[in-house]
Amino acid sequence: MARRIDVTGAGGVRLAAWEFGDPPKTDGAHGTDPADAHGGLPGVLLLHGLMGRASHWAPTARWLSARHRAVALDQRGHGRSDKPPRGAYTREAYVEDVEAALEQLGLGPAVLVGHAMGALTAWQLAAKRPDLVRGLIICDMRASALGAASQRVWDEWFRAWPVPFATLADVRKWFGEDDPWVERPNPARGEFYAEVMAESPDGWRPVFEPEQMLRSRETWVYDAHWEELAQVRCPTLVVRGLDGELGRAEAQEMVRVLPRGRYAEVADAGHLVHYDQPEAWRAAIEPFLDALREG
């Protein structure tokens with residue numbers, strides 16, 4: 001089951017939020033408020049990374065739904081949410097979107113689970129609105145500045161995509177095997193990118209605009225984000241894939257900077273930790289979530 005809930009983000013941008021797990025049965029005494037319909041379960045909001053979409057979180061959301069009200073958000077420019085051509089793709093807009101979603105969904109104070117860009121958005125909101133965030137899971141996102149060279153590489157990478165793809169099988173093969181960024185075959189990566197393609201008259205194309213992704217990315221890559229990490233007061237788990245983009249030394253420094261930071265590592269996983277090793281990912285975050293519930 002996937003239930004869509006529309007929310008309104010910054011500047012009136014329409015955002016699609018999704019519940020992938022079956023809600024608990026109720027006795028009919030609850031009203032129609034989304035939080036009431038879930039029996040007051042602790043809220044979790046899942047935030048995908050750049051180019052991702054809410055459905056990438058579906059297995060995690062279904063697993064969480066037994067003990068949490070788990071909602072995944074298509075962020076602006078992604079998935080089924082609005083992609084305004086001249087809209088704001090700033091850090092402030094992304095953070096304000098999540099702030100609005102938490103309030104409209106009645107989830108707060110919630111646990112925020114973010115991958116890559118979604119993790120940055122999550123910790124920036126936790127620093128800004130501690131009343132809305134009771135816990136935070138950061139998945140494979142760096143706090144250091146990446147610089148102009150990184151942005152140029154991404155621009156070149158987007159230009160290398162052989163779009164349109166003739167079939168979804170071609171998508172899976174290119175991103176899982178043929179992409180110059182792939183060091184070794186990675187079927188999970190192929191599946192990840194197949195999830196963000198849609199069929200058009202001439203073949204399969206991404207559901208997002210690469211130019212908007214670059215605009216989104218340029219609002220964080222030139223700056224470091226250590227100061228905001230230091231302002232996060234809630235318990236925070238930093239998770240990295242052993243072969244991901246977040247190195248061990250930087251991850252451990254992030255834990256040190258966080259007032260209530262903890263560390264977890266997932267073996268045999270790259271940047272797409274929750275996609276590469278879903279069972280190990282769940283094992284890494286479950287003790288942290290249990291401790292939040294008990295606390």
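Start with the rings: colour Phe, Tyr and Trp, and you have 19 aromatic pairs to find. Rings of Phe, Tyr and Trp (its six-membered ring) pair if their centres lie within 6.5 Å; planes under 30 degrees apart are stacked, over 60 edge-to-face, and the rest tilted. A word on what you're looking at: this is a predicted model, where local features need pLDDT of at least 70 and side-chain atom pairs count only at pLDDT 80 or more, while totals for chains, interfaces and linings use all residues. Residues are numbered from 1 along each chain as its sequence is written, and side-chain values use heavy atoms, leaving out hydrogens and water.

**Stop 1: W161 and its partners**

Select W161 and F175. Their rings sit edge-to-face, 4.9 Å centre to centre with 85° between the planes. W161 is in the loop between α4 (148-160) and α5 (168-178), and F175 is in helix α5, 14 residues apart. (Helices are DSSP runs of H or I with at least four residues, strands are E runs of at least two, and numbering goes from the N terminus.)

Are W161 and F208 buried or exposed? Both are buried, meaning under 20% relative accessible area with a 1.4 Å probe, protein chains only (exposed is over 50%, partly exposed in between).

**Stop 2: strand β3**

Strands pair if DSSP finds at least two bridges between them. L45 stands opposite V71. β5 (residues 110-115) also pairs with β3 in the parallel sense, over 4 bridges, with V111 as the bridge partner of V44.

**Stop 3: the core**

Finally, which residues have the most contacts inside the largest nonpolar core? They are L45, M51, W123 and W161, in a core of 65 residues. Such a core is a set of buried Ala, Val, Leu, Ile, Met, Phe, Trp, Tyr and Cys residues joined through side-chain atoms within 4.5 Å. Its largest share, 8 residues, comes from helix α3 (residues 117-128).
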